[in-house]
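Hi there,

Here is the structure we talked about, for you to open and explore. Have a look at it first, and then read on for what was found in it.

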Amino acid sequence: MTNDVIKEAVAKQQSGDRKLAADNSVLGKVMTFNIGEQVYGIEIQYVTEIIEMQRITKVPHVPSYIKGIINVRSKVVPIVDIRTRFGKPEIPYTNRTCIIILSFNETSVGIIVDSVADVEDIHTGDISATPENRSVNTNSFIQYMIRSGDMVKLILDVARLLDEQEA
Amino acid sequence: MAKIEPGMEAMLDMYFYETNSLLEQLDEILLRTEQANAFESEDIKEIFRIMHTIKGSSAMMGFENLSVLAHKAEDMFFVIRENPDVITDVSFVYDLVFQVSDSYKAQIEMIQNNVNGEYEAMDFSGLIDKLLKARDALVGETKGEAPAPAQAAAQPAEAAPAPVQGSDKVTVRVFFEDGCQMENLRAFLLINTIREECSFLEYTPSDVETNSETSKEIIDHGFLITFTAIDNNDFVLKQIESALNVQSYEVISQAAAPAPAAELPPEPAQAAAPAEKPAETPAPAAPVKEQTAVEKAQAAVEKAQASSGAQKQNLISVNLAKLDALHDIVGEIITTESMVISNPDLEGLELESFNKAARQLRKLTSELQDTVMSIRMVPLAGVFQKMNRIVRDMRKKLGKEVDFVIEGEETEVDKSIVDSLQDPLMHLVRNCMDHGIEEHAEDRIKAGKPEKGTIKLSAQNASGEVVITVSDDGQGIDPEKIMNKARKQGILTKPESEYTIKEIQNLILLPGFSTNEQVTEFSGRGVGMDVVKANVEKCGGTIIVDSKKGEGTNFIIKIPLTLAIIDGMEVTVGDLVFTVPISTIRESFKAEASQILRDTGGNEMIMIRGVCYPILRMHEKFGIETDVTDLEEGILLLVETDNKSVCIFADKLIGEQQVVVKPFPKYLAKYNIKGEGLSGCTIMGDGSISLIIDTNTLIG
């Protein structure tokens, strides 16, 4: 539900509807996390839970960004390393490293992030659409951006991330 | 696009279940009686009843086209019921009823696949026309043969309009089954069902449709209906009686009932067999003057219904999703149990009474598991019966004389397996009919075989597996033809001379293989047998072909009893744990340097008791880092499937464990994990995950 509202807001931003900037209502919440210096966010309705790093059972014959599978309360959940997925170098896991379990359309996937930051509101005025036609490969997973101060937070497109078809 | 009436969704499942089982029953009766080539009066009544029930429930659900279709079929059988002798062309009637049954199934499937309550309503007008014509033809027969009264009975609605009883008001009090819920809506549906049969209709409480508070009143005091039937009160009473969830009804008053039973339109069906349906007898037999008579009759009705109710209670229908959930929970209990019993915290402690209790727990959970498994087991009879129908249709179309024999249909298999077996079996049976059995009976006679061909479908339990055989005594598979075709298709993988007869025969299971030059309606699209093979393998089974030219063909399918829980041997490779199904392991042993051989290509082999087996290193196959690379250091497991054997090399044996098979997450489905030797994963006692080896794909 919130998704539609946000999509609309993004579309309006894109079409240069400046009226929105004044209207600063809250559209929903995002959970933010860090990967390197960059802050990313995921809309809260997709987040099932956050668990600490644990031993991951490797699965053969999958791309390197799929780290394997883990057991989350008797459910087998595949784990994706977001760093590797976005083509960033791997770093050793620390005690800040977390797994965020996402659910979308009955598919559950865990993503490994450097650390979890915060949960914050999405304000209409802060939303901006991603620049189009950029040839950066991470771009395809970004749904829109949120500005707060000088910081830009990239909100991930969970549907795309989870449903992606092999190109 | 038609829409499912709002508020009906909740009852759809029930409707599908009921209607589908009625249709299956119908098919069964038809197939059984067709062989005898005559309808028994019992069967006619049963068909009439089935059509009647379907008509009622379809009307209730608002599926008008289905209701009308059933109505017309019912009309036709009404005529037949009254005059069983009128049928001159039995096979015509059969074809018609089969068509009705098929149309029904097709429409119901469409409704089942509805999107947001919208479905495509099929047009049955052609079929309905046929039914009408058939009925008129039958009525015509009756006129010619039977005297007038019978005709009146045959067509109370049109030919002899409303005798006597029609003008009487009847008040009945209806009670619904305990705990069926939404009594007010059920009452409303009941009213809808009988509305078209009544010229006058009144009911209390009158606001059942809109006021859900009336449920309570209906539960406490019953639902009062006063009606005047257009033609026959008994008919309406019967409709009330057979309506969904109606537990009982009583006739309170039949205002001015001058009609003695004799003046009722003759009901030979009931008069002939009063004992058969005791519940119905009171209705026509009670022109009700004295209250005691009513009560007596009512008591009889209730008794009869109570007893039939008690019988019904032995079987309940359960949503499969609930069973799956139960099954999952049991799986988790078993996992958790191992977690508790072999908890690392307990190591080194003296725990006599704990161990005793643990043993007891283990016994109970394994009993629980067996019971849950047995709930999911269903006999193959349902699937087998459907094959009966296919043989019947093809026999007609192809003009081949064939006996169809079924054996071991009571054999039970997991529900999910039964469902996925239907398509492969259908294909095999069609193949036997189409390609197996000789085109002309003369060919059979020439070959010294009985004129009539035989197709046999049999099932039996054999050591944890179910073996299903589809066999025919037809022309068999000609290896030369197969070879030619295979050569043309370019699917041969080794020199022709190296193929054994058995291997040649099994070529027909490969994708893109179909020897029949002519594509027929039934088979021969070239996507036949490989689909069969894929389907069988999907449910963990195997299929082999065994055929002798000129004598016939056997297709042998072996499937596991259940998919979900297997006995596995745990082995480690590097830091991963694998589960190898024990059923595939022949032996496990340490290798000695003297046994190990290398061929010219550097492939490792091992000699065991004079037989040479290839060695498959798991760490290489799955790309795992491990310290154990010396064959003598690790462990070798000799595994065997489909007459192929290989020794797999792992680091260490951990032990035997019963594991609950879980599929890989959906997210991973796009990667070819399953084709590369893994069939799924399982959660072990300590909460870690082990990967289950699929010996078939591992070797292949």
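This is a predicted model: local features need pLDDT of at least 70, side-chain atom pairs count only at pLDDT 80 or more; totals for chains, interfaces and linings use all residues.

A:S115 sits in strand β8 of chain A, which covers residues 115-123. Leaving aside residues up to four places away in sequence, A:S115 touches A:F33, A:N34 and A:R96.

Now for chain A as a whole. It has four helices and eleven strands, and 51% of its 167 residues count as buried. Among contacts in chain A with a separation of 6 or more, 56% are between residues 24 or more positions apart.

A:E120 pairs with A:K153, with 2.6 Å between the closest N and O atoms. A:E120 is in strand β8 and A:K153 is in strand β11 (residues 151-156) of chain A, so the pair ties together parts that are 33 residues apart in sequence. A:K153 counts as buried because its relative accessible area is 8%. As background, side chains of opposite charge can pair when their charged atoms come close.

How many salt bridges are there over all chains? A search of the whole structure finds 27.

- B:K55 and B:E74 meet through their side chains at 3.1 Å, N to O. B:K55 belongs to helix α2 (residues 41-61) of chain B and B:E74 to helix α3 (residues 64-82) of chain B, so this pair ties together parts that are 19 residues apart in sequence. Both B:K55 and B:E74 are buried.
- B:D95 forms a salt bridge with B:R392, where the closest N and O atoms are 2.9 Å apart. B:D95 is in helix α4 (residues 90-112) of chain B and B:R392 in helix α15 (residues 381-398) of chain B, so here the parts tied together are 297 residues apart in sequence. B:D95 is partly exposed at 28% relative accessibility, whereas B:R392 is buried at 4%.

B:D95 and B:R392 are also part of a network of salt bridges, which links them with B:D27, B:D102, B:K105, B:R389, B:D393 and B:K396.

Next, where the two chains meet. On one side are 27 residues of chain A, in contact with 22 residues of chain B. Together the chains bury about 2100 Å², and 67% of that is on carbon and sulfur atoms. How many salt bridges are counted between chain A and chain B? The count is one, formed by A:K58 and B:D575, with the closest N and O atoms 3.9 Å apart. On the side of chain A that touches chain B, the elements giving two or more residues are β4 (66-72), β5 (75-81), β7 (107-113) and α4 (158-163) of chain A. β5(A) gives the most, with five residues. The residues on this side of chain A divide into 15 nonpolar, six polar and six charged.

Last, the cysteines. The structure holds zero disulfides over all chains. For B:C612, the nearest cysteine sulfur is that of B:C647, 9.6 Å away. Since the cut-off for a disulfide is 2.5 Å between sulfur atoms, B:C612 is in no disulfide. B:C612 is partly exposed, with a relative accessible area of 36%, whereas B:C647 is buried at 0%.

Enjoy exploring!

Note on methods. Residues are numbered from 1 along each chain as its sequence is written. Chains are lettered from A and ligands numbered from 1 in the order in which they are written. Side-chain values use heavy atoms; hydrogens and water are left out. Contact means heavy atoms within 4.5 Å. Buried area is the accessible area (1.4 Å probe) that two parts lose on being put together, summed over both. A salt bridge is a side-chain nitrogen of Lys or Arg within 4 Å of a carboxyl oxygen of Asp or Glu. Ala, Val, Leu, Ile, Met, Phe, Trp, Tyr, Cys and Pro count as nonpolar, Asp, Glu, Lys and Arg as charged, and the others, Gly among them, as polar. Buried means under 20% relative accessible area, exposed over 50%, partly exposed in between (1.4 Å probe, protein chains only).
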